Amino acid sequence: MDIDAWVWWLIGAVGLGIPLVMTAMPEFGMFAVGAVAAAVVAALGGGIVAQVLVFVVVSVALIAVVRPIAARHRTDRPQLATGIDALKGRQAVVLERVDGSGGRIKLAGEIWSARALDEGQSFDPGQQVDVVDIDGATAVVM
């Protein structure tokens with residue numbers, strides 16, 4: 001039983017696809033695409049040198065082009081603020097007088113204990129304040 005070269009390249013592509021799935025390293029996928037391209041060359045009657053050259057050129061080209069684009073997209077992704085980080089910078093309404101020692105505000109639909117950032121500053125009920133920080137369960141406002 002004689003197996004054609006293109007079948008071996010496809011088996012190699014599948015073999016390279018397994019670590020791609022197991023390790024989530026996209027480089028294996030790029031090598032697998034290179035193996036598929038070499039299988040096409042083999043199916044069209046290209047020699048072993050042409051097959052290996054196509055495999056190397058396609059794999060290296062994909063790594064050289066796709067990796068920098070993927071890295072740029074990974075670092076340029078907007079950061080999603082969650083939890084208390086999402087509350088910083090938001091506005092709140094004073095419910096009970098807030099000063100350096102404490103008070104109450106309504107922040108994101110919830111009632112929070114609050115204190116003024118500047119000890120000498122105070123805010124009366126109904127005023128809008130900006131949340132600067134969250135210290136434990138207390139919002140620091142100004």
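Asp85, Lys88 and Asp133 are linked in a network of salt bridges, a salt bridge being a side-chain nitrogen of Lys or Arg within 4 Å of a carboxyl oxygen of Asp or Glu. The model is predicted, so local features need pLDDT of at least 70 and side-chain atom pairs count only at pLDDT 80 or more, while totals for chains, interfaces and linings use all residues. Residues are numbered from 1 along each chain as its sequence is written, and side-chain values use heavy atoms, with hydrogens and water left out.

Helices (H or I, at least four residues) and strands (E, at least two) are DSSP runs, numbered from the N terminus. Asp85 is partly exposed at 45% relative accessibility, Lys88 at 36% and Asp133 at 32%. Here buried means under 20% relative accessible area, exposed over 50%, and partly exposed in between (1.4 Å probe, protein chains only).

The structure holds five salt bridges. Another of them joins the side chains of Arg97 and Asp124, at 3.1 Å from N to O. This pair, too, links distant parts of the chain: Arg97 belongs to strand β1 and Asp124 to the loop between β3 and β4, 27 residues apart. Arg97 is partly exposed, with a relative accessible area of 45%, and Asp124 is partly exposed as well, at 42%. In the loop between β3 and β4 lies Phe123, which counts as buried at 7% relative accessibility. Phe123 and Gly100 are 23 residues apart in sequence, and their C-alpha atoms are 9.9 Å apart in space.

For "domain: NfeD-like C-terminal", an unreviewed UniProt entry lists residues 85-141. UniProt positions are given in the numbering used here, feature names are shortened, and annotations may be inferred rather than shown by experiment. Over residues 85-141 the chain is 0% helix and 60% strand, with end C-alpha atoms 14 Å apart. Strand β2 contains Lys106, a partly exposed residue with a relative accessible area of 43%. Ala108 is found in the loop between β2 (102-107) and β3 (110-116). Its backbone deserves a look: Ala108 has a positive phi of about 55° although it is not a glycine. Most residues other than glycine have a negative phi. Ala108 is partly exposed, with a relative accessible area of 42%.

The UniProt annotation "transmembrane region", from the unreviewed entry, covers residues 6-22 and 52-70. Over residues 6-22 the chain is 100% helix and 0% strand, and the end C-alpha atoms are 25 Å apart. Residues 52-70 are likewise 100% helix and 0% strand, with end C-alpha atoms 26 Å apart.

At 1.5 Å a residue, the 19 residues of helix α1 (residues 5-23) should span 27 Å, and its end C-alpha atoms are 28 Å apart, which agrees. The expected span is 1.5 Å times one less than the number of residues in the helix. Trp9, Ala13 and Gly17 are buried in α1. Seen down the axis of α1, its buried residues fall within an arc of 85°, so they line one face of the helix; the arc is that of the directions from the helix axis to the C-beta atoms. An α-helix has 3.6 residues a turn, so residues three or four places apart point the same way. The face of α1 turned away from its buried side carries the exposed residues Trp8, Val14 and Met22.A nonpolar surface patch is formed by Ile48, Val49, Val52, Leu53, Val56 and Val60, with about 540 Å² of accessible area together. Patches are made of residues with over 30% relative accessible area and no salt bridge, like charges being joined within 9 Å and nonpolar side chains (Val, Leu, Ile, Met, Phe, Trp, Tyr) within 5 Å. Accessible areas come from the Shrake-Rupley method with a 1.4 Å probe, and for residues only the protein chains shown count as cover. One of the patch residues, Val56, is found in helix α3 (residues 48-75). Val56 is partly exposed, with a relative accessible area of 40%.
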